Structure formats: C-alpha cells, structure tokens
Amino acid sequence: MSTTPVKLWRRQKHTTTLIGKKGKILLWTMIRVPAKAFAPQAPYPVVIVELSSGVRMMGQLVDWQEKDLVVGRIVTAVIRRSRVEDTEEVLSYQIKFKPL
Amino acid sequence: MKIHILGGATTKFGELWGVSPRDLAREAMSQALLHSSMKPKDIDAIFVGNMLSGILGNQANLGSLIAEELGVFVPAIRVEAACASGGLALHTAINGIRSGQYKNVLVVGIEKMTDHSSDDVTTGLMAAGSDDERSAGATFPGLYALIARAYMQEYGVTEEDLAGVSVKNHYHGSLNVKAQFQSPITVADVMKSSRIADPLKLLDCSPISDGAAAVVITGENPKKWHKKPIAISASEVASDTLSLHKRSSFTSLSAVVKAAKQAYAVAGIASKDVDVAEIHDCFSIAEAIGTEDLGFSKKGMGAKDIAAGKFTLGIGKLVTNPSGGLKACGHPVGATGIKQIVELSEQLRGTAGKRQVEKARIGLAHNVGGSGTLAVIHILSTL
Amino acid sequence: MVGIVGYGAYVPRFRITLEEIAEVWGKEPADIINGFRVREKSVPAFDEDAVTLAIEASNAALTMAGITAEEIESVFVGSESHPYAVNPSSTIVAEYLGVGNNFFAADLEFACKAGSAGMQIGAGLIGSGQAAYALAVGSDVAQGKPHDALEYTAASAAAAFILGKKKTEILAEIVAMSSFSSDTPDFWRRDGAKFPSHFGRFTGEPAYFTHVLGEGKKLLQQSKLQPSDFDYCVFHMPNGKFPRVAAKKLGFSPEQLAPSLTVDLIGNPYSGSSLLGLAAVLDIAKPGQKIFFVSYGSGAGSDGFIFQTTPHITEKQKINLPVRDMIGNKEYLSYTKYLRHMHSI
C-alpha cells in the first residue's frame with residue numbers, strides 16, 4: 001500500500017496550512033526513472049522550494065513548462081491528488097508546487 | 001586497545017542470477033576465515049551489514065540467518081544505515097571488541113538486488129530517504145541530481161567534468177577481476193547515456209548489483225592469525241538530517257566533514273597523509289563532493305581534479321577508488337562498506353596486483369548512507 | 001435577506017481543441033465546431049480531480065467573502081465525478097478549507113445541476129436560521145467516451161458560492177428561487193461505468209428545453225417580471241447552441257446572455273457550467289442589476305434563481321482574478337497527451 005488512511009488522516013491538518021503559500025525554487029531535477037507508484041506520471045520535475053516563511057520543502061512541480069525549470073522561479077503550493085493509489089485504496093491528496 | 005584486520009574477501013560483484021544470498025554469505029565468510037587461518041569456531045560474534053533484505057525479500061532477522069550459514073550460534077547482530085550499512089557494521093563490531101566482550105569478530109556486508117524488478121529496487125532504495133521525499137516522487141538518483149545541480153551552479157562545473165569520475169573508476173575497474181564492469185569508458189560514453197534524473201545520466205550512476213564482502217577483525221595479538229595484519233587507526237561516524245531539503249548545505253555533506261575530522265584527529269594524521277582512499281561514488285557527484293569533504297581537493301575543485309587525473313592510478317599520488325568504486329566495481333548496497341575495507345587492506349599489504357598503489361601506508365574508507373544522512377570513516381594503516 | 005457573500009472559480013490550465021479531437025476520428029473539424037458551437041474545452045492536469053478543483057474555487061470564494069472558514073456551517077459539493085462512490089467530497093473540501101467540525105454536509109448528484117441544488121439547500125438553511133454561512137460548489141472533471149459526441153464538450157471546472165444573511169456582506173441577494181423536475185432519462189451513467197450515456201436528440205426538446213423553459217417561465221410568472229427587467233441571464237451550457245436558443249425562447253436578448261457564455265471558451269464542465277457562467281456575470285455586474293439564472297441537470301431538472309446585485313459587489317469584484325482572465329491562462333494538448341490527462345492510457 002502506498003500510504004495508509006491513518007497516516008493520511010494525521011497529515012491532513014498540516015497540508016491545509018500550506019495551501020496557497022508562496023515560495024521559490026532552490027533546486028530542480030527531472031525524474032525520468034520513477035519509483036513504481038509514480039510510473040504513470042513520469043517524467044516529472046521534483047523541486048526543493050523555499051517558502052517565504054523560510055521553511056524548505058520538497059515536492060513535485062505541476063502545470064510547468066520548460067521555462068519554469070529555473071532556480072529562483074516563484075511558485076505557489078497547491079493541493080493535488082497523489083494518483084499513486086490503486087482502484088481500492090483510499091485517495092491521497094498532497095501539496096505540490098505550481099509556477100505562478 | 002588496538003584492533004586489527006586479519007583476512008578479508010569479496011565475492012564477484014554483478015548480476016549473479018544463479019547465486020543466492022546464502023551462497024554469497026558462505027563464499028565471502030569462508031574465504032575471509034581461510035585468509036585469517038581461522039575456523040568458524042574461532043569467531044566470537046558476527047556483524048552483518050545489509051539494507052534491502054527485509055524491504056525487498058521480506059527477510060529480516062539476518063543476524064540469525066548468517067549465523068546459521070556460518071554454522072556457529074554466536075552473537076549475531078544486523079546493522080542497517082542504508083548504503084553505509086557495511087561501514088556501520090564494522091564500526092559496531094569494533095566497539096563490540098573495545099567493550100571487551102568479543103575478541104575475534106567476523107563482519108559481513110551482503111546484498112542481493114537482482115532477484116527483484118528494477119522498479120521495486122528503485123522504490124526500495126528510497127527507504128533511505130524521508131516520507132516527504134518519497135511523497136514528492138523523488139528517487140535516490142533524483143536526490144543526488146539535486147545536489148549535482150547545486151554543485152554545478154555554485155562552482156561552474158559541467159556534466160563533462162563530472163563524467164571524469166565514472167571514466168576514472170571504469171579504468172580502475174578494468175584492473176579488478178571482481179568488478180561488475182571491467183571495460184573502460186569515455187566522457188562521450190557518459191554524455192550519451194540515457195538520462196535518469198537530470199543532470200545525472202545512466203553512466204553517472206552506480207549499478208544494481210549482487211555481492212558480499214567479509215573481514216575478520218581482532219582485539220587480541222593479530223600476528224597469531226595473520227602475517228600482515230592491518231591496524232584500524234580510526235572508526236568514526238556522524239549523522240545529518242534525513243531529508244535533503246533540511247540540510248545546511250547542498251554542496252557538501254557535513255556528516256562526512258564531521259566524521260572525517262574526528263577520524264583524522266583520532267588517527268593523528270591529516271588528509272595529505274592518505275595514500276589510498278575508497279570513496280562512496282553512488283553517483284559521480286558523490287565522489288566529486290566526497291573528495292572535497294575529505295580534504296583531498298579544494299571546494300569546487302573535486303570534479304575538475306578527478307577529471308584531470310589527479311587521483312587516477314599511475315598518475316596521481318593519492319589514488320581514489322582503485323577497486324573501481326561503486327560505479328565500476330558495483331554497489332551491492334550493504335556489501336560496499338566492507339568491500340572498501342578489503343580493498344584497502346590489500347593495498348596496504350601490497351597484494352593488490354595490477355591495481356597496486358605505490359607505497360600505500362595509510363588508507364581511508366568513506367561510506368555514506370542515503371543522501372548524506374550518515375557517514376562512516378575508517379582509517380587503516382600498516383604497522 | 002439571503003444572498004451571495006463570496007464566489008470563486010477554478011478552470012484548469014489545459015485545453016484541447018475540437019479540431020484536434022475531430023481529426024483523430026476522421027470528422028470534418030468545421031462540422032463539429034459549428035455543430036456544437038464550441039472551439040476548445042478545458043482539461044484537468046494529471047493530478048487534478050473534482051475535489052482539488054472544488055478546493056481551489058472554494059478558497060477563492062472564502063477570500064472574497066472575508067470570513068473565516070470556521071464560520072461556514074454548511075458544505076454541499078455537487079458533481080458527476082466525485083472521486084469516491086462512498087466517502088463525501090464535501091468533508092474533504094471542508095477539511096482542506098479548515099471548516100472544522102460544525103457544519104451540515106453531504107455530497108450531491110443531479111447531473112449538471114448538482115451545484116445549483118447545493119445553493120438552494122444552503123439558502124434554505126440560512127433562511128430558516130439554521131446556518132450563518134453556507135458553501136455550495138459545483139465541480140466536475142467530466143469524462144466523455146472517445147469517439148462519442150460528448151467527447152467534444154465534456155470539460156472541467158469548479159465554481160463555489162458562499163451564502164450569508166448579513167446585508168453588509170451580500171453582493172447579490174437571492175430575490176427568488178424555485179425548481180422544476182421530472183423523471184426524464186436523457187443522459188445517465190450507471191454505477192461502475194466509466195463514461196456517461198445519452199440518447200442523442202432526446203436530450204434537447206423533451207429534456208433540456210422542457211425543464212429550462214418550464215423553470216424559466218415559472219420564475220418569470222412568480223416574480224411578475226419580464227425579461228426586459230433583467231440585465232443578464234445565465235443558463236446551463238451543454239454546448240454553444242442550447243443556452244442561446246433558451247434565452248431567445250424566453251425573450252432574452254443576445255446582449256443579456258453574452259457575458260455568461262463561458263461554454264464558448266472552455267466547453268461544458270457539467271456541475272460547474274451554469275455556476276461558472278454566473279461567476280463570469282458577477283465579475284462584471286454593476287450594483288442594482290438583476291440576474292436571471294436557470295441551470296439544468298439531466299434526469300432531469302432545472303434550478304432557477306433571480307439575483308439582485310448590491311453596492312458591495314464593486315469592492316468584492318476586485319479581490320480575485322476574473323473568470324475570463326483565468327480562462328485566458330492556457331496551454332494546448334495533443335490528443336494523446338489529453339488521453340494521459342484523462343487517465344485513459
């Protein structure tokens with residue numbers, strides 16, 4: 001199982017506080033050989049973002065174009081469906097980053 | 001108390017389809033005992049370094065499995081620290097002897113990766129990272145790719161410069177019959193290999209491998225067992241944040257800097273005194289940064305120095321990764337840390353044949369877990 | 001007084017042209033485009049669904065309303081593409097908004113009118129004094145079966161409305177509301193089926209028009225108003241033709257209808273369609289203007305509202321990006337990329 005309902009449920013409150021927060025890309029890479037659960041999404045960019053609060057996070061970059069893959073690009077935290085669940089598992093929503 | 005390395009051995013590293021984990025353990029252990037003039041009953045404890053057995057094969061409890069293979073039911077302790085499992089197993093074994101409880105200890109590093117799909121292995125290796133990193137869809141190469149990007153940005157280093165690491169290690173590997181890859185490659189070969197996680201390409205990355213390595217170490221008079229024992233001058237460990245994004249630097253592994261500093265101090269030497277080193281090149285960038293963190297190159301110069309031949313056998317004074325490193329020799333995760341020790345022992349004894357580094361007196365092993373979460377540094381010296 | 005205190009919309013960034021789809025199936029693009037009177041439709045990102053769209057729209061509505069999430073006491077999310085068959089989208093949306101535990105909630109399904117139905121329920125709870133603020137969302141990531149007519153228009157978007165009763169906060173008052181329903185099987189999706197089915201031209205006269213015109217005429221009669229008393233009209237938009245015909249049949253002019261026609265830009269986002277049109281109108285309405293609204297959901301029914309804007313609308317319009325500007329932010333996909341986004345391959 002990719003993640004369990006209990007772990008998802010524990011994480012929810014924290015995820016809520018991050019929606020809409022802005023930050024900038026510190027580092028980026030393009031994952032071309034993914035872990036099993038992420039195969040349908042590959043290739044996709046993974047970024048380290050520094051939020052304006054100073055907190056750093058790692059996440060997927062979404063709704064991106066080539067020109068967005070630069071250090072310093074401003075992004076916002078959005079909530080997206082993880083899409084790693086199978087047909088019977090509970091759904092997982094998580095923070096990803098979208099270029100502003 | 002002085003602790004010495006007696007005999008050691010490695011199996012061939014590679015895609016060993018017909019060889020089971022138990023076969024690997026038996027081969028490495030029996031050879032290490034033979035080279036130590038010992039029988040299994042002479043061993044007081046076994047330490048096992050392994051990362052993926054439970055994750056991929058659902059086999060935990062490895063201490064007992066290895067004891068069963070050895071045929072003596074002595075204390076058996078399994079140690080895990082991702083890719084530093086081997087080095088940490090040795091460190092733990094050393095402390096077992098220092099405690100006074102054990103005298104002669106067998107340390108085995110072992111990994112069987114090719115029984116599983118590369119998908120499962122990619123997923124399994126991310127057990128070395130954090131939940132945040134896994135949910136972000138990061139892979140192990142992805143984490144080091146982020147480090148590579150930071151390094152290339154900060155120091156103006158190119159992908160071609162980094163490729164020099166793999167080129168050097170394949171050259172060394174071509175001289176090692178136990179290595180997974182024994183043919184040299186060029187920078188052009190690295191540049192045209194397929195991209196794994198930008199900017200890292202296939203030939204920037206160590207392979208998926210099977211293999212085992214074992215050493216016997218002793219706290220009593222080593223000459224009783226071996227004509228040329230090797231002294232362990234330092235065994236130091238340091239850790240850092242689990243997540244890459246929480247580190248204070250993306251271009252240096254502070255766990256390595258810390259552990260190396262401690263190790264040099266305990267051994268009473270400086271980096272310039274090291275003659276031969278086995279550096280943890282899980283990815284080309286890892287060796288570039290490791291070379292700097294260990295004090296062998298100035299900051300930002302690691303990749304360029306390697307590419308210029310500064311650490312190549314026959315060219316450089318200090319030779320790094322004469323075994324072929326993780327890239328060419330192979331990286332059966334838990335085995336690597338012990339393989340490094342076996343290689344260094346042979347170098348210091350003058351028995352490394354075609355790979356022999358001239359007048360090697362002091363050796364250093366650099367074994368890193370995860371993206372720099374844990375570093376184990378061993379310094380070995382001839383008597 | 002019950003009315004809208006905040007509204008928000010979200011349209012995903014991606015588009016596919018009807019021409020692109022038509023070429024795959026060997027159809028004449030001009031025939032298809034003229035037939036539906038739609039040029040392109042909105043497509044969700046790989047990792048968007050009706051819930052994530054609803055959260056985006058609801059957060060925008062919350063920002064405009066200027067209240068805290070905890071003040072919301074009713075959450076109803078209407079969709080035909082709820083991610084779960086059992087497990088409410090409404091509570092997931094409420095959680096990620098920070099609503100807390102004290103709210104009425106349930107998921108709604110009534111084809112394309114599930115969102116407007118949520119507004120009527122919310123208005124009822126507020127009007128009866130049971131809730132201070134109510135959130136109603138219409139959100140869909142609509143699936144159209146490849147090679148079927150619906151593939152050309154089934155689109156994705158969400159629109160969220162927060163209702164309240166404080167005169168100082170209301171930007172558009174609900175002057176009247178009613179509903180008109182019957183059992184008419186024009187368009188349906190069986191439990192477990194991936195794509196909806198429909199009965200061609202039966203979806204027109206006996207379905208869409210019977211209910212939209214039935215509710216439209218009822219609203220006019222009950223309010224004793226004429227089409228000329230209104231500044232704008234909004235109808236459910238399954239394609240570019242039906243709302244134009246409905247407006248004309250009820251006596252509205254093309255100018256009254258024009259600002260609502262989001263279908264021309266993004267196709268039909270099902271439960272989000274009429275509500276998105278309403279949001280587009282509210283983006284440009286002036287104080288003291290009347291808006292005539294009739295949604296439609298297959299199966300079938302129509303919800304009707306008469307809204308009257310207040311002086312507060314001017315300030316509130318400045319808060320979020322207007323719907324048309326949001327729609328203008330777009331990126332086109334090839335048919336194969338579209339299939340990936342829709343999880344068909």
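In the predicted model, strands β2(C) and β3(C) are paired in the antiparallel sense, with four bridges between them. Within this pairing, Phe14(C) lies opposite Val43(C) of β3(C). On β3(C), Glu40(C) and Ser42(C) point to one side, while Lys41(C) and Val43(C) point to the other, and all of them are buried. In general, side chains in a regular strand alternate between the two faces of the sheet. Strand β2 of chain C, residues 14-17, also pairs with β14(C), in this case in the parallel sense and over two bridges. Here Arg15(C) has Tyr332(C) of β14(C) as its bridge partner.

With regard to the assembly, two pairs of chains touch, and the most contacts are found between chains A and B. In that interface, 22 residues of chain A meet 27 residues of chain B. On the side of chain A that touches chain B, two or more residues are given by each of β1 (22-31), β2 (44-51) and β3 (56-60) of chain A. This side of chain A comprises 14 nonpolar, five polar and three charged residues. Chain A is also in contact with chain C, through 15 residues of chain A and 14 residues of chain C. At least two residues of the side of chain C that touches chain A come from each of α3 (50-65) and α4 (89-97) of chain C. The most is given by α3(C), with three residues. By class, this side of chain C holds six nonpolar, three polar and five charged residues. Chains B and C, by contrast, share no contact, and their closest C-alpha atoms are 13 Å apart.

Chain B is divided into two parts, domain 1 (4-117 + 209-224) and domain 2 (128-206 + 231-381). The centres of these domains of chain B, taken over C-alpha atoms, are separated by 23 Å. Their contact involves 37 residues from domain 1 of chain B and 33 residues from domain 2 of chain B. On the domain 1 side, at least two residues are supplied by each of β1 (4-10), α4 (85-98), β4 (104-111) and β7 (211-218) of chain B. Helix α4(B) gives the most to this side, with eight residues. The side of domain 1 of chain B that touches domain 2 of chain B divides into 21 nonpolar, 13 polar and three charged residues.

The axes of α8 (residues 159-173) and α11 (residues 284-293) of chain B come within 8 Å and cross at roughly 95°. Helix α8(B) is therefore roughly perpendicular to α11(B). The contact is made by Leu162(B), Ala163(B), Val165(B) and Ser166(B) of α8(B), together with Ser284(B), Ile285(B), Glu287(B) and Ala288(B) of α11(B). These residues are five nonpolar, two polar and one charged by class. The arginine, Arg78(B), is located in strand β3 (residues 76-79) of chain B. Arg78(B) counts as buried because 23 C-beta neighbours lie inside 10 Å. When residues up to four places away in sequence are not counted, Arg78(B) touches Val48(B), Asn50(B), Leu62(B) and Gly63(B). Gly372(B) is 294 residues from Arg78(B) along the chain, and the C-alpha atoms of the two are separated by 21 Å.

Several backbone features were also identified. Most residues other than glycine have a negative phi, and most peptide bonds are trans. The peptide bond from Ala42(A) to Pro43(A) is cis, with omega near -5°, and Pro43(A) belongs to the loop between β1 and β2 of chain A. Gly299(C) and Ala300(C) are likewise joined by a cis peptide bond, with omega about 10°. Ala300(C) is part of strand β13 (residues 299-309) of chain C. Ser37(B), although not a glycine, has a positive phi of about 55°. Ser37(B) sits in the loop between α1 (21-35) and β2 (45-49) of chain B and is partly exposed, with 14 other C-beta atoms within 10 Å. Lys224(C), which is not a glycine, has a positive phi of about 60°. This residue, Lys224(C), occurs in the loop between α6 (204-223) and β11 (232-235) of chain C and is exposed, with 7 other C-beta atoms within 10 Å.

Notes
Residues numbered from 1 in each chain as written. Chains lettered and ligands numbered in written order. Predicted model: local features only at pLDDT ≥ 70, side-chain atom pairs only at ≥ 80, totals over all residues. Contact = placed C-beta atoms within 7 Å. Nonpolar A, V, L, I, M, F, W, Y, C, P; charged D, E, K, R; others polar. Domains from an automatic or database assignment. Pairing = 2+ DSSP bridges. Buried ≥ 20, exposed ≤ 12 C-beta atoms within 10 Å, placed from the backbone. Axes fitted to C-alpha atoms, helices over the stretch in contact; angles between N-to-C directions. Parallel < 35°, antiparallel > 145°, perpendicular 65-115°, else oblique.
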